[in-house]
Amino acid sequence: QVQVAECGGGMVQPGGSLRLSCAASGGMFSVYHIGWYRQGPGMQRELVAAISNDGSTKYADSVKGRFTISRDNTKNLAALQMNTLKPDDTAVYYCNPGGMYYMESYTPSTYWGQGTQVTVSS
């Protein structure tokens, strides 16, 4: 099966930046669509950004203009660059390869890593 591992989380002040990375193995990475999700305290897991296998992207309204999703198929890696971070961005962030990418939505696969904690606080 597909193994997923996220890294790059940490603590940062409001207005700061972080770059998250996702490594996926055991599948055909180049044909997978990929989503980044997050789950804050007491909140449901929500889609942050997604990228299709041909490079199309979509973003949640709350992060549009601040976050950028990308992929490197030669290394089986996906990344989420997060700029101008806000306290509301505090959450555990998860990478999800293998979902279904639509014009209006992204439907996740069952492939999840352990997540990486992002904390934005003064």
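## The Asp89 salt bridges

Asp89 and Arg66 join their side chains in a salt bridge, with N and O 2.8 Å apart; the term stands for a side-chain nitrogen of Lys or Arg within 4 Å of a carboxyl oxygen of Asp or Glu. Asp89 sits in the loop between β8 and β9, and Arg66 in the loop between β6 (57–59) and β7, so this pair ties together parts that are 23 residues apart in sequence. Strands here are DSSP runs of E, at least two residues long, numbered from the N terminus.

Before going further, a word on the model: it is predicted, so local features need pLDDT of at least 70 and side-chain atom pairs count only at pLDDT 80 or more, while totals for chains, interfaces and linings use all residues. Residues are numbered from 1 along each chain as its sequence is written, and side-chain values use heavy atoms, with hydrogens and water left out.

## Arg38 joins in

Asp89 also meets Arg38 in a salt bridge, at 2.9 Å from N to O. Arg38 belongs to strand β4 (residues 33–39) and Asp89 to the loop between β8 and β9, so here the parts tied together are 51 residues apart in sequence. Arg38 has a further salt bridge to Glu46, again 2.9 Å from N to O. Put together, Arg38, Glu46, Arg66 and Asp89 make up a network of salt bridges, and the total count is 3.

How buried or exposed are these residues? Asp89 counts as buried because its relative accessibility is 2%, and Arg38 is buried at 6%. Arg66 is buried too, with a relative accessible area of 11%. Glu46, at 37%, counts as partly exposed. The cut-offs: buried is under 20% relative accessible area, exposed is over 50%, and partly exposed is in between (1.4 Å probe, protein chains only).

Now for a contrasting case. Glu6 is buried yet has no salt bridge, and Arg45, the nearest side chain of opposite charge, is 7.5 Å away. For charge, Lys and Arg count as positive and Asp and Glu as negative; His and the chain ends are left out.

So what does the side chain of Glu6 reach? The backbone nitrogen of Gly115 lies 2.9 Å from a polar atom of the Glu6 side chain. Beyond its neighbours within four places in sequence, Glu6 is in contact (heavy atoms within 4.5 Å) with residues including Ser21, Trp36, Tyr93 and Thr116.

## The sheet around β1

Glu6 is found in strand β1 (residues 3–7). That strand is part of an open, antiparallel sheet of 4 strands, in the order β1-β3-β8-β7. Its edge strands are β1 and β7 (67–72), each pairing on one side only; pairing takes at least two DSSP bridges between two strands.

Between β1 and β3 (residues 18–25) there are 5 bridges, and the two run antiparallel. Within that pairing, Val4 has Ala24 in β3 as its bridge partner.

## Asn83, back in the loop

Asn83 is located in the loop between β8 (77–82) and β9 (91–101), and at 30% relative accessibility it counts as partly exposed. Setting aside neighbours within four places in sequence, Asn83 is in contact with Gly16, Ser17, Arg66 and Phe67.

With Ser17, the side chain of Asn83 makes a polar contact of 3.0 Å. That term covers a pair of N or O atoms within 3.5 Å; within protein, one must be able to donate a hydrogen and the other to accept it, and residues adjacent in sequence count only if both atoms are side-chain atoms.
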